[in-house]
Amino acid sequence: MGSRKVRNITTEKTTLDKVIHLFPGICAYGSQYITLGKNVSFNNYCHVTATKESPIIISDDVLIGLFVVINTGDHGFEKLDVKIRDQEYKRGTIFIGKDVWIGASSVILRGSIIPDKCVIGALSRVSRNSKLLPGHIYAGNPLRLLGFRK
C-alpha cells in the first residue's frame with residue numbers, strides 16, 4: 001500500500017495551532033472568501049466556490065471527504081426565452097459548524113447551514129431548504145435523517 005501524501009498549508013493568516021490538510025486535486029475559486037477554522041481537512045478532488053457576496057465559513061475540526069462540491073451559487077434557468085448563461089446567478093452563504101464530517105461525493109449548495117457535530121453521509125445533497133439539527137446524521141438525495149451522534 002503506497003504512502004498518502006498530505007500537504008499542511010499555512011499562510012500569513014494562520015497561526016501555529018491552525019493546521020489545514022489539503023489533499024491533491026482541490027479546486028478553490030474565490031479562496032479569499034473562504035474562511036477556515038482550525039484542523040480542517042479536505043480530501044482529494046474537492047471543488048469549492050465562494051464569492052464576495054456569498055462566502056463560505058468552515059468552522060474547526062471539519063472533515064471533508066473526497067470529490068465533495070461546496071458551491072455558493074448556481075445559474076437561474078426558469079426563463080425559456082433566455083439562455084441559461086444569461087440568466088441571473090443565484091448566491092447564498094454556506095456555513096459549516098464545528099466537528100462536522102461531510103462524506104465523499106456530497107454536494108453542499110448555496111445557502112446551506114450545517115450545524116455543529118453533524119455527519120453528512122456520502123453521495124448526499126444539502127441545500128438551503130435542508131433544516132439540520134446539531135449532532136444528527138443525515139444522508140441521501142433528498143437528504144433524510146438517519147440517526148444521532150451519542
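**A ring pair and a lysine–threonine contact**

Analyst: Phe67 is partly exposed, with a relative accessible area of 44%, where buried means under 20%, exposed over 50% and partly exposed in between (1.4 Å probe, protein chains only). This is a predicted model, in which local features need pLDDT of at least 70 and side-chain atom pairs count only at pLDDT 80 or more, while totals for chains, interfaces and linings use all residues. Residues are numbered from 1 along each chain as its sequence is written, and side-chain values use heavy atoms, leaving out hydrogens and water.

One aromatic pair is found when the whole structure is searched, pairing being defined for rings of Phe, Tyr and Trp (its six-membered ring) with centres within 6.5 Å, stacked if the planes are under 30 degrees apart, edge-to-face if over 60 and tilted for the rest. The pair is stacked, because the ring centres of Tyr45 and Phe67 are 5.5 Å apart and their planes stand at 20°. Tyr45 belongs to the loop between strand 5 (40-42) and strand 6 (47-49), and Phe67 to the loop between strand 8 (63-64) and strand 9 (69-71), so the pair ties together parts 22 residues apart in sequence; strands are DSSP runs of E with at least two residues, numbered from the N terminus.

Beyond its neighbours within four places in sequence, Thr72 is in contact (heavy atoms within 4.5 Å) with residues including Thr49, Pro55, Ile56, Lys90 and Arg110.

Lys90 sits in strand 11 (residues 89-91) and is partly exposed, at 22% relative accessible area. Although 18 residues separate Lys90 from Thr72 in sequence, their C-alpha atoms are 8.3 Å apart in space. Apart from neighbours within four places, the contacts of Lys90 are Thr72, Gly73, Asp74, Gly76, Glu78 and Arg110, and with Glu78 there is a side-chain to side-chain polar contact of 2.7 Å.

Methods
Helix = DSSP H or I, 4+ residues; strand = E, 2+ residues; numbered from the N terminus. Polar contact = N/O pair within 3.5 Å; in protein donor to acceptor, adjacent residues only side chain to side chain.
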